[in-house]
Amino acid sequence: PRRPRKKKKLPQLKMFARAALRSATQYGGLAAAATVVGFAGVAAAEETKCAGSVLGTLNEIAAKVSSIEKAIGVSEPEAESFLFTSESVNEGHPDKLADQVSDTIVDACFEQDNESHVACETSTGTGFVMIFGEITTNAVFDYEAKVRACVKEIGFDHPDKGLDYKTFKFINYVHAQSVEINAAVSGRKQTPEEVGAGDQGHMFGYATNETPELMPLTHSLATGLGYQLTVVRKNGVCSKLRPDGKTQVTIEYEKKGGFLKPKRIHTIVISTQHDPDYTQEQIKEDLMREVIMKVVPHDLIDDKTIFHINPSGLFTIGGPEGDGGLTGRKIIIDTYGGWGAHGGGAFSGKDPTKVDRSAAYYCRWVAKSLVAAGLCERALVQVSYAIGVAAPLSVFVDTYGTGTKSDPEILEIVKANFDMRAGMLVRELDMLKPKYKKTACYGHFGNAARSADPDFTWEIPKKLKY
């Protein structure tokens, strides 16, 4: 005689599935937990349903497992494409002229007094350059001579170009730093550990493995194109170019979760100042050969790539004659081309007690060190300060889900390897030197446009201990 069928054990199976899910979730086996739930459901269904019903149940369970995986973040993300754009400007752009003049003054102070406190702004327009702000220094130099030499080096040597270094009106409205601020942040009678931040604020650093310099490719290419425009102008290859100019690069990316991959160049835009007798046809031919094809990876250009070279036509009037210029108006160009984040503070014209500058450099160093160490493929680092207080108020790390460790674990690695006190980070990155004018154009970070420079200490990744 046939043995009587055993009673169904659905309640026990359900209890087993719930316990497995709780256990696996607690100890990290999230995907395994989803699979166990599915297995338990199949077992239950097998005891009670026919083969056709089992197939339907399997489909239901597969959908539920997929939902669980998405909810707990273990499913394979779907690839999506998007366009992203970064721009840059040449050293003859009026805002960049202002940045370079301001940093020329910073360097002049630090050449003689490395405890100078400088907050030098520059404004420029048709026929004039004005510096203003607060400076406390023991350095003695000819401000006007320094500024005229800077403008000459950029290439503004005739009124037709937008400014003439020999004849422009120079205005100096610089005065001493506030005694109240100086008392709070002066390092002259303090140890490096005691020096307070020069102001409140929050600063960011970013790094990505898209390029060898660990910078966003859109930004590196826009910056590189602008630098190459200056190279061919100054070396005589394209001698009819003038100092002012802008570049822009749009790239199509593939994104999976937080992971990025550049796929192709979508659009390149170059607008460059030029002599009146330099035809648009010749400009396009020369820039394609001597600028674009010398900088942009050929494998990223295809038959759909769009090129706009001087799309507005004539561009003979430029520099401060074409548009007014101010220090600190190109902060996105100075950093990551729109990637990552920005705390809002400009860099140029400021000595390193201003954490707007020094801490932003330090955050770049931290982010680049994390990516270079293989701890993540992308990293965003934020730090914040209060004026006169040495230690940061907060430190934040986001690896966009690309980390080999969790973000809290990586944050502990950061805290163990980096001293973010305002006075200490300045010394660790050797910032008390006259090395700032060369940062004022073609990017403070990455140095994609130029050969490696040991003065860019924040671009040399730190070997991390963890």
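**Notes on a predicted chain: loops, sheet and helix packing**

User: Where is Asp430 placed?

Analyst: Asp430 lies in the segment after α13 (422-428). Helices (H or I, at least four residues) and strands (E, at least two) are DSSP runs, numbered from the N terminus. The structure is a predicted model, in which local features need pLDDT of at least 70 and side-chain atom pairs count only at pLDDT 80 or more, while totals for chains, interfaces and linings use all residues. Residues are numbered from 1 along each chain as its sequence is written, and side-chain values use heavy atoms, with hydrogens and water left out.

User: What is the phi of Asp430?

Analyst: Phi is positive at Asp430, about 55°, although the residue is not a glycine.

User: And is Asp430 buried, exposed or partly exposed?

Analyst: Asp430 is partly exposed, with a relative accessible area of 33%. Buried means under 20% relative accessible area, exposed means over 50%, and partly exposed lies in between (1.4 Å probe, protein chains only).

User: What about Leu214, what is its phi?

Analyst: Leu214 is a residue other than glycine with a positive phi, near 60°. Leu214 belongs to the loop between β7 (201-208) and α7, and it is buried, at a relative accessible area of 11%.

User: How much of the chain is buried?

Analyst: Buried residues account for 49% of the 466 residues in the chain. The chain has 13 helices and 13 strands.

User: Change of topic: the open sheet. What is the strand order?

Analyst: The open sheet has four strands in the order β1-β8-β9-β10, and the pairing is mixed. Two strands pair if DSSP finds at least two bridges between them.

User: Which strands stand at the edges?

Analyst: The edge strands are β1 (80-89) and β10 (306-309); each has a single partner strand, so one side of each is left without a neighbour in the sheet. From one strand to the next, the twist averages 20°.

User: How do β1 and β8 run?

Analyst: β1 and β8 (residues 241-256) are antiparallel and are joined by ten bridges. Within that pair, Glu87 stands opposite Gln248, and Leu83 has Glu252 as its bridge partner.

User: And β8 with β9, how many bridges?

Analyst: β8 and β9 are paired over 13 bridges, in the antiparallel sense. Ile251 has Ile265 in β9 as its bridge partner. The hairpin of β8 and β9 has two residues between the strands, and Gly257 in this hairpin takes a positive phi near 60°.

User: Which helix lies across β8, β9 and β10?

Analyst: That is α8 (residues 280-295), which runs at about 140° to β9 (259-274). Axes are lines fitted to C-alpha atoms, for helices over the stretch in contact, and angles run from 0 to 180 degrees between N-to-C directions.

User: At what angle do α7 and α8 pack?

Analyst: Helix α7 (residues 217-234) packs with α8 at about 140°, and the axes are 9 Å apart. The two helices are therefore oblique to each other. Angles under 35 degrees count as roughly parallel, over 145 as roughly antiparallel, 65 to 115 as roughly perpendicular and the rest as oblique.

User: Is the crossing of α7 and α8 left-handed or right-handed?

Analyst: The crossing of α7 and α8 is right-handed. A crossing is left-handed if the near helix is turned anticlockwise from the far one by less than a right angle, and right-handed if clockwise.

User: Which residues in α7 and α8 meet?

Analyst: On the α7 side they include Leu221, Leu225 and Val232, and on the α8 side they include Leu287, Val291 and Val295. Contact means heavy atoms within 4.5 Å. By class, the contact of α7 with α8 holds eight nonpolar, two polar and two charged residues. Ala, Val, Leu, Ile, Met, Phe, Trp, Tyr, Cys and Pro count as nonpolar, Asp, Glu, Lys and Arg as charged, and the others, Gly among them, as polar.

User: How do α4 and α5 cross?

Analyst: Helix α4 (residues 94-112) and helix α5 (residues 143-154) cross at roughly 135°, their axes coming within 10 Å. That makes α4 oblique to α5, and this crossing is right-handed. Among the residues making the contact are Val101 and Ile105 of α4 and Val147 and Cys150 of α5. By class, this contact of α4 with α5 has nine nonpolar, two polar and two charged residues.
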